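Q: Can you take me through this fold? I'd like to start with the overall build and then look at single elements.

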Amino acid sequence: SPRLETSATWGFSALLMPAVAVFGSNALALKAAAAAMLLAGVGLFYAGVRRRLAPAARHALLAALFFNGYYLSFAGAVISEAGYVLLFGLWVYLALGRRWLWDDRLSRTALLAALTALLALTRLIGFSLLAAAVCELIASRRRRQAWRYGVAAGACVLPYFIVTTKAASGSSYQEICWALWSGAGLAALKIPLANAYFYLKGLSLLTFLYFPSFLPNAAWLKASAVAAVAGVAACGAARSAKTPGGRLLLAYAGVYGLVCAVWPYQAPRFALPVFPLFAFWFVEGLAVIVPAGRRRAALAALCGAALLSNAAQIAAAARASLTQPADMPHASHLWLREHSRPDDLILSMDIARVRYYAGRRGVHFIASNSALEFAARARAAGARYFFLKETAYVPTVGTADGARSQQERLAAYLSRADLFSPVYGNENEGVRIFTLRP
């Protein structure tokens, strides 16, 4: 049966194809393409919502979106969220800014549905936008258009599900998620609360108003700031929900946030797609709570605070982009390419880089209950090399890290000298490569 061989999603791979066609597998070109996607997506989102704001509020939103170290730190990272932000921004611009969502023409409905499907193929959480759009059309008494929208989007994603249901993969994130939830017992009840606070704190304190640059390291002060910023954003969301399309955005963000809350992983990049919406709501919220006569001054202060609090992060990101090499050290991957055959199967937690640098196919961690079972399943799958790289993980708060758990289990299994034999090591890159013992 076919085998899933890369961690890159279909949608993001399709978005990278033009850059690959022109420049080949050039790391700098791929990074530039990812940066362009991210920034273009933010610009399209702004273009789609700008008419909902007063002129002064538009300037504040521009400062919040483009002058923050959080977004710039991801600009150039070849991750699917860059493509997601591009597609979401384009959808907001066409559906809400140009009002295509309420246009009965079949061509525009089909194009919006195709965009939504591509969004879901970039990250599966994009199905939350599909659900929100269909529900909005139904609530607006456009049931025929809702049916067309759903059918067109379904036709676009059908090939993906046909292939993936037939593909043999080591283990899926859904399996790992369920294993972590079922094994946590009552402690699993803390996961949604811990995740919700993690992302809310990130959106409120670590983005366009980089509060750590202002606040002392006091938990109660930071918690108060989270509550204040989130409260303003909530006021803005409530006001926006009364406008055409605002209810849809609120429903989409609610489903997106719920998925992130119950997912037993924490990663700052998961908040990238909803940050523009959070910033928009925050600016909207200021118009609710600040008297009209003082609104321009409040927005000007917001712009200044955004620039001052993020200046150090922006400078660091610019300095790193100018001084760091575009490519990562990959002597280990070159060794693997020289000592393996093109049809060899590689097991690695980062199979995308193995595919990119070594040109070899592979799978992620194979779910197993013991080292013996892991070795047996790997042998049955035809895995020849096991690529283990030391990886730094973002500390989690109140929840498990499934990827880190896999990495630790893989390292423990490969340490069994009776089952695996080391064939290569590179201390500078933190890489060890193993094979199965006969």
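The chat below goes from the whole chain to the sheet and then to one helix.

Q: What kind of model is it, and how are residues numbered?
A: It is a predicted model, where local features need pLDDT of at least 70, side-chain atom pairs count only at pLDDT 80 or more, and totals for chains, interfaces and linings use all residues. Residues are numbered from 1 along each chain as its sequence is written, and side-chain values use heavy atoms, without hydrogens and water.

Q: How many helices and strands are there?
A: The protein has 18 helices and 5 strands. These are DSSP runs numbered from the N terminus, with helices being H or I of at least four residues and strands E of at least two.

Q: How much is buried?
A: Buried residues are 46% of the 438; buried means under 20% relative accessible area, with a 1.4 Å probe and protein chains only.

Q: OK, the sheet. What is the strand order?
A: The order is β2-β1-β3-β5-β4, in an open sheet with mixed pairing. Two strands pair if DSSP finds at least two bridges between them.

Q: Which strands are at the edges?
A: β2 (361-363) and β4 (420-426) are, and each has a single partner strand, so one side of each has no neighbour in the sheet.

Q: How do β4 and β5 pair?
A: β4 pairs with β5 (residues 431-436) in the antiparallel sense over 6 bridges. Glycine 425 has arginine 432 as its bridge partner, and asparagine 426 has valine 431. The two strands form a hairpin with 4 residues between them, and glycine 430 in the turn has a positive phi of about 65 degrees.

Q: What lies across the sheet?
A: Helix α15 (residues 331-339) lies across β1 (345-348), β3 (383-389), β4 and β5, at about 170 degrees to β3. Axes are lines fitted to C-alpha atoms, for helices over the stretch in contact (heavy atoms within 4.5 Å), and angles run from 0 to 180 degrees between N-to-C directions.

Q: Switching to α14. Where is the kink?
A: A kink of about 55 degrees is centred on alanine 311. The bend at a residue is the angle between axes fitted to the seven residues ending there and the seven starting there.

Q: Which residues of α14 are buried, and what covers them?
A: Leu299, Leu302, Cys303, Ala305, Ala306, Ser309 and Asn310 are buried. The cover includes α3 (55-66), α4 (69-74) and α13 (275-289).

Technical notes:
Buried < 20%, exposed > 50% of the residue type's maximum accessible area, 1.4 Å probe, protein only.
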